[in-house]
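Colleague: Could you walk me through this model before I start on my own notes? I have the sequence open and would like to go feature by feature.

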Amino acid sequence: MYPFYSRTKEAAWSPLMADDSDDSIDISNDSFLISKHNKPTRISSMNRLRHALPWALHGMLICTYLALGTRLIKPIVPECFDDQLLKPPIIWEQHHFSSSVDIERGIVNDTFGSSHPNMDEDWEASLDVGVIRVTDEEMSRMPTETAHLYGSEEGYAGILEVFHQLHCLNRLRSRFQNNHTVTQHQIEHPHMEHAHDMHCFSYLWQTVKCHADVSVMSLEYNDKQKAFNARFDVVKQCRNFDVIHEWAKGRESKNKPPG
């Protein structure tokens, strides 16, 4: 351990002092070290404070900036709709597509064909989900605002895209199979019938392009036609619609507007 050099009243001389005065040095707060040249070097606490002060002020400014930023900066809102916004129960499963086309005989075997006895009932059963509840927190993460629920019910109103897509497809199916007439569930002003049809065509066209299914369709070669024909009777990986339908029914709004 290095020796300390000091001068007290009993000591006549100290190497730390330039003169021979009787003033004593208090070493209770300051420390002294011996350098490699055997010369004592004093490290001042004031120097240490002078070096540390700029860093302390810099840290204080950063903390102040972050504290103000959390209050002034608005939450980041996505520019597009997110299909995971409501945390839906996505369950993937293998689904057998039952539609098949016999081109030679001109026959289509389809569950939703015009000859199906419960065709309308089956379609309506898939379309019985109306307006659903959207919480305040979910609403804050939507790119566009949506209306409040009707009446005294808390929350915001929304419709799942899949049910509007099915609505449009069902409308076009019904218009086609009923010779371009509306059913009792589709009564509307005459001038709106054509506009509604065009909306559904445009909406479904954009939706199909938006999802852009890149699954590979199998083909078979027809020697008589000298052409390829698509094979529709296949198995695909799909989301379980029944699970989503049941989940959506659980979020359905209780109060419906009168219109």
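This is a predicted model: local features need pLDDT of at least 70, side-chain atom pairs count only at pLDDT 80 or more; totals for chains, interfaces and linings use all residues.

Colleague: Fine. How many helices and strands are there in the protein?

Modeller: The protein has six helices and ten strands. Of its 259 residues, 21% are buried, and the accessible surface comes to about 20600 Å², with 58% of that belonging to carbon and sulfur atoms.

Colleague: And what share of the contacts join residues at least 24 apart?

Modeller: Counting contacts between residues at least 6 apart in sequence, 61% join residues at least 24 apart.

Colleague: Cysteines next. Which of them are joined in a disulfide?

Modeller: The count comes to one disulfide, and it joins Cys-168 to Cys-200 with a sulfur-to-sulfur distance of 2.3 Å. The link of Cys-168 and Cys-200 is left-handed, with -70° about the S-S bond. Cys-168 sits in helix α4, residues 161-177, and Cys-200 in helix α5, so that the pair links distant parts of the chain, 32 residues apart.

Colleague: Are those two buried or exposed?

Modeller: Both Cys-168 and Cys-200 are buried.

Colleague: What about Cys-80, what is its nearest cysteine sulfur?

Modeller: For Cys-80 the nearest cysteine sulfur is that of Cys-210, which is 8.9 Å away, and Cys-80 is in no disulfide. Cys-80 counts as exposed, at 56% relative accessibility. Cys-210 is likewise in no disulfide, and Cys-210 is exposed, with a relative accessible area of 62%.

Colleague: Why does 8.9 Å not count as a disulfide for Cys-80?

Modeller: Because a disulfide here is a pair of cysteine sulfur atoms within 2.5 Å, and the sulfur of Cys-210 is 8.9 Å away from that of Cys-80.

Colleague: Back to α4, then. How far does α4 reach from its first C-alpha to its last?

Modeller: Helix α4 has 17 residues and reaches 24 Å between those two C-alpha atoms, close to the 24 Å expected at 1.5 Å a residue. Its buried residues include Phe-163, Gln-165, Leu-166 and Cys-168, together with Arg-171, Arg-173 and Arg-175.

Colleague: What do the buried residues of α4 pack against?

Modeller: They pack against α2 (119-126), α5 and α6 (241-250). Leaving aside neighbours within four places in sequence, Tyr-203 is in contact with Glu-161, His-164, Gln-165 and Cys-168. The C-alpha atoms of Tyr-203 and Gln-165 are 7.9 Å apart in space, while the two residues are 38 apart in sequence.

Colleague: You listed arginines among the buried residues of α4. Which residue forms a salt bridge with Arg-173?

Modeller: That is Asp-120, the closest N and O atoms being 3.2 Å apart. Arg-173 lies in helix α4 and Asp-120 in helix α2, so this pair ties together parts that are 53 residues apart in sequence. Arg-173 is buried, with a relative accessible area of 11%, whereas Asp-120 counts as partly exposed, at 43% relative accessibility.

Colleague: And which residue does Arg-175 pair with?

Modeller: Arg-175 forms a salt bridge with Glu-193, and the closest N and O atoms are 3.4 Å apart. This pair links distant parts of the chain, with Glu-193 in helix α5 and Arg-175 in helix α4, 18 residues apart. Arg-175 counts as buried, at 10% relative accessibility. Through salt bridges that share partners, Arg-171, Arg-175, Glu-193 and Asp-197 are joined into one network.

Colleague: How many salt bridges does the structure hold?

Modeller: The structure holds ten salt bridges. One of them is formed by Arg-239 and Asp-83, whose closest N and O atoms are 3.5 Å apart. Arg-239 is in strand β10, residues 235-239, and Asp-83 is in the loop between α1 (45-72) and β3 (92-96), 156 residues apart.

Colleague: Last topic, the surface. Which residues form the nonpolar patch?

Modeller: The patch is made of Val-101, Val-108, Met-217, Leu-219, Tyr-221, Phe-228 and Phe-232, with about 720 Å² of accessible area together. Among them, Met-217 is placed in the loop between α5 (190-211) and β8 (219-222), and Met-217 is partly exposed, with a relative accessible area of 46%.

How values were computed:
Residues are numbered from 1 along each chain as its sequence is written. Side-chain values use heavy atoms; hydrogens and water are left out. Patches are made of residues with over 30% relative accessible area and no salt bridge: like charges are joined within 9 Å, nonpolar side chains (Val, Leu, Ile, Met, Phe, Trp, Tyr) within 5 Å. Accessible areas come from the Shrake-Rupley method with a 1.4 Å probe; for residues, only the protein chains shown count as cover. A salt bridge is a side-chain nitrogen of Lys or Arg within 4 Å of a carboxyl oxygen of Asp or Glu. Helices (H or I, at least four residues) and strands (E, at least two) are DSSP runs, numbered from the N terminus. Buried means under 20% relative accessible area, exposed over 50%, partly exposed in between (1.4 Å probe, protein chains only). The expected span of a helix is 1.5 Å times one less than its number of residues. Contact means heavy atoms within 4.5 Å.
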